[in-house]
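Dear colleague,

I am passing on the model we spoke about, together with some notes on what turned up in it. Please look at the structure first and then read on.

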Amino acid sequence: MITNFKNSNVLRQKANFYIPGGAHTYSKGDDQFPQLSPHSIVRGKGARIWDVDGNEFVDWGMGLTSVILGHAYDEVNEAVKAEMDNGINFIRPSYLEAEVAEIVSSQIPSAEMVKFAKNGSNATTAAIKLARAFTGNDIVLRCVDQPFFSIDDWFICDTQIDRGIPKNFHPLTKQFQYNNIESLRKQIDTYKPQGIACVILEPAAIEEPAGNFLQLVREECSQHGIVLIFDEVVSGFRFHPKGAQYLYGVTPDLSCFGKAIANGFSASALVGKRDIMSLGGISHDSERLFLLSTTYGGETHHLRAIQKTIEILNRDDYAVTRHIWSVGKRLKEEFNNLSRSLGIEKQAYMGGIDCRPYFVFLDPFGNPDNNLRTLFVQEMIKCGILVQGISPSFSHQEDEVVQTVSAFKFSLQTLSAAIAAGDVSTRFRGEPIKPVFRKFN
Ligand SMILES: Cc1ncc(COP(=O)(O)O)c(C=O)c1O
């Protein structure tokens, strides 16, 4: 059982002293994990990571879903290292900028033009700006059932944590529901007179599109002159190497990729139709638009990481993709069978799409139960498994799956006993895990 976090606890304090939130990503923060957890990681290889106390874990977070092949994946790392020796940033574009743009363009159905950056938020925010410029309208309709689109104000103004954002942003971002075409139609009717720039959603995140939902979204957008943006920062390259847009057969006007595009190296891409994307170019006669221009967007080693990752994802009839879907499916089945056999399936189950499953913990009244979640994660950590959701990679092989299922068994037994005894909150140390998007700490 893993219970020694001595060095982690020292670094936890240092991190919270020097870094607001104690980490550079909120979802890696202390409020997202039980107190009995590693704070600081030293290295990773494949599907495993090691913390500063020498504890070894199976990692199911995989760099917030970005590390699709595995940590320190040899082929990608070798390509990146070789490119670093050639220098990474020059006075004019590297030849790789066009080469890799061409690769992405032939990979993704809607990618007539491509602009690279470093973060998913760079891409989604640039897509919003382009849509506003193209339509001359300001209103953004965003899917409310999907957790995150950007760190930028157009999105964060529409969350619980809107402090510091000018009030005049708020009226410009409106919501609709996933798999509810009527909710989108209603918002289009309401806001059309004001002028709608775009609809933005993940093609699939928490659930798959029901029936022809995405096709209907496409039709509504086309009919009303609204730019359709797919946020594929997570789904692209995970659901399918050609994007979820290929899998579900719907072509957006603009889409945004990141995360798995470069096996965790910092790279993102805004792609889309030529007539919209070229507004950011230097050869049209209309008013200029300042589209994504970053010092590091054309860094050569991240472009090499994109190229190598796509090459691997395309191999063997998409073996990586098939593996990821089957690992997620198996874990979901194993978890749900165990939970059912303990009679707690209404309070603890795994849902979601097989390539991106998640855990659900509910109180007896059906409300989210963060005490149960915290106890579960604490018990999994004791067994050497680090989870938030499940982000399968190509490196999660039989050993990792077997160890994880055995940890499920141990942890769900603890949950079952705690539910029966009514003492869940006394069985974990410290505060329960909290949602990132909350008004007060
Ligand atoms: C769906 C989605 N879009 C956009 C982003 C922003 O990506 P990044 O953190 O690379 O800026 C994220 C990040 O988690 C995301 O999940």
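A salt bridge is counted here when a side-chain nitrogen of Lys or Arg lies within 4 Å of a carboxyl oxygen of Asp or Glu. By that rule, 1 salt bridge is found across the interface of domain 1 and domain 2. Please bear in mind throughout that this is a predicted model.

To begin with the overall layout, the protein chain is divided into domain 1, which covers 6-72 + 318-426, and domain 2, which covers 89-298. The C-alpha centres of domain 1 and domain 2 are 30 Å apart, and the contact draws on 18 residues from domain 1 and 18 residues from domain 2. Between them, domain 1 and domain 2 bury about 1600 Å², with 56% of that area on carbon and sulfur atoms. On the domain 1 side, the residues that lose the most area to domain 2 are Tyr-318, Ile-353 and Arg-356, which together account for 37% of what that side buries. There are also 11 residue pairs in polar contact between domain 1 and domain 2, counting pairs with both residues at pLDDT 80 or more.

As for individual polar atoms, an oxygen atom of the ligand lies 2.7 Å from a polar backbone atom of Gly-120, and a backbone N or O atom of Ser-121 is 2.8 Å from an oxygen atom of the ligand. In the side chain of Asp-231, an N or O atom is 2.6 Å from a nitrogen atom of the ligand. Of the 390 Å² of accessible area that the ligand has on its own, the protein covers 79%.

With best wishes

How values were computed: Residues numbered from 1 in each chain as written. Predicted model: local features only at pLDDT ≥ 70, side-chain atom pairs only at ≥ 80, totals over all residues. Heavy atoms only, no water. Polar contact = N/O pair within 3.5 Å; in protein donor to acceptor, adjacent residues only side chain to side chain. Areas by Shrake-Rupley, 256 points an atom, 1.4 Å probe, with all protein chains shown as cover. Domains from an automatic or database assignment. Contact = heavy atoms within 4.5 Å. Buried area = accessible area lost by both parts, 1.4 Å probe.
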